[in-house]
Amino acid sequence: MRAKSKAIITCAITGSIHTPSMSPHLPVTPSDIASQAVEAGKAGAAILHLHARDPKDGRPSPSPDLFMDFLPRIKQGTDAIVNITTGGGQGMSLDERLAAAERASPEMTSLNMGSMNFGLFPMLGRYKEFAHDWERQHLDRSRDFIFRNTFGDIEQVLQRLGEGHGVKFEFECYDVGHLYTLAHFLDRKLVKPPLFVQTIFGILGGIGPDPQNVLIMRDTAERLFGDQYHWSVLAAGRFQLPFCTMAATMGANVRVGLEDNLFLGKGKLAKSNAELVAKMRHILEELSIDVASPDEARQMLELKGAANVKF
């Protein structure tokens, strides 16, 4: 792991996991996504990870037009790094998943490092009513959903966005095998250090939210990447803040946000992404860990700079 003096906070603003009926604070419209992203940047997030949603009913959308409705507003309101999803949502083709990033040419995108089961259906037991028909179907369909990220898919993303647009990646690793897949692409020189390795805990189908697994993922990454990577951690739901705190004491960067977790504390919905960022920042500062600014994160990750995006 590369030596660093400050921790990068990433904020994942809306995602494609949670549905609007789960929280009135989940941003859905381009205006809400933009305003929450700007406020998260002001609260201390150096990187903003972004999905789009259909403003009529909140379902995940790959539409580049929707992305372009909020990306310029975010750029005008904050100097935080824009990181666009390439994971998209259920049922989207790879071309659909890449369309917004190819149009916007951001500094960063996510890149998922393997195909996996991605089970959201346990959430059906927590919510009795849904405002939109698609919400229940979205959760229930995940019983048979395989989140596809084949070697060929990954090669396409690396070629189309990495080579084609100078994009750097948030390599999303949901299990130990995903780290070895990333090492394979590093050995082939298809990815270039410094790598930004996001280890993810608590998604049904990926590695579970046990503290021991944080050590397993870190130690595996250390063996595979040495000083060629920066480590970051996210955990789903109630594990978000404890796992980020634990990992931060071990030198990790952290990711929070309403994509991954809707709650500020037990039984208390977060009213905004900025609330989650502010809480994480407070924890880091209490641990005497300084928070990286967007420009410091750009330098750490060797990004192309905000002047070279297309929005």
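Visitor: How many bridges join strand 11 to strand 12?

Guide: This is a predicted model, where local features need pLDDT of at least 70 and side-chain atom pairs count only at pLDDT 80 or more, while totals for chains, interfaces and linings use all residues. Residues are numbered from 1 along each chain as its sequence is written, and side-chain values use heavy atoms, with hydrogens and water left out. Two strands pair if DSSP finds at least two bridges between them. Here, strand 11 (residues 195–201) and strand 12 (residues 229–235) run parallel, joined by 7 bridges. Look for phenylalanine 201, and you'll find alanine 235 of strand 12 opposite.

Visitor: In what order do the strands close into a barrel?

Guide: Follow 2-3-6-7-10-11-12-13: these 8 strands close into the barrel, with parallel pairing. From one strand to the next, the twist averages 25 degrees.

Visitor: How many helices and strands does the protein have?

Guide: Helices (H or I, at least four residues) and strands (E, at least two) are DSSP runs, numbered from the N terminus. By that count, the protein has 10 helices and 16 strands. Its radius of gyration is 18 Å, close to the 19 Å that the globule rule gives for 311 residues, so the protein is as compact as a globular protein of that length. That radius is taken over C-alpha atoms, and the rule is 2.2 Å times the number of residues to the power 0.38. Taken along the principal axes, the box that the C-alpha atoms fill is roughly 50 × 40 × 40 Å.

Visitor: At what angle do the axes of helix 1 and helix 2 cross?

Guide: Axes are lines fitted to C-alpha atoms (for helices, over the stretch in contact), and angles between N-to-C directions run from 0 to 180 degrees. For helix 1 (residues 30–43) and helix 2 (residues 64–77), the axes cross at roughly 30 degrees and come within 9 Å. That makes the two helices roughly parallel; the label goes to angles under 35 degrees, with over 145 roughly antiparallel, 65 to 115 roughly perpendicular and the rest oblique.

Visitor: Which residues make the contact?

Guide: Contact means heavy atoms within 4.5 Å. Helix 1 brings residues including Pro30, Ile33 and Ala37, and helix 2 brings, among them, Leu66, Phe70 and Ile74. The residues of this contact of helix 1 with helix 2 divide into 8 nonpolar, 2 polar and 3 charged. Ala, Val, Leu, Ile, Met, Phe, Trp, Tyr, Cys and Pro count as nonpolar, Asp, Glu, Lys and Arg as charged, and the others, Gly among them, as polar. Helix 1 also lies across strand 2 (9–12) and strand 3 (47–50), running at about 155 degrees to strand 3.

Visitor: How far apart are the axes of helix 8 and helix 9?

Guide: The axes of helix 8 (residues 240–248) and helix 9 (residues 273–286) are 11 Å apart, and the helices pack at an angle of about 35 degrees. This crossing is right-handed. Among the residues in contact are Leu241 and Cys244 of helix 8 and Met280 and Ile283 of helix 9.

Visitor: Is the peptide bond from proline 193 to proline 194 cis or trans?

Guide: Most peptide bonds are trans, and most residues other than glycine have a negative phi. The bond from proline 193 to proline 194 is cis, with omega near 5 degrees. You'll find proline 194 in the loop between helix 6 (176–187) and strand 11. Lysine 189 sits in the loop between helix 6 and strand 11 too, and its phi is positive, near 60 degrees.

Note on methods
Left-handed = near helix turned anticlockwise from the far one by under 90°.
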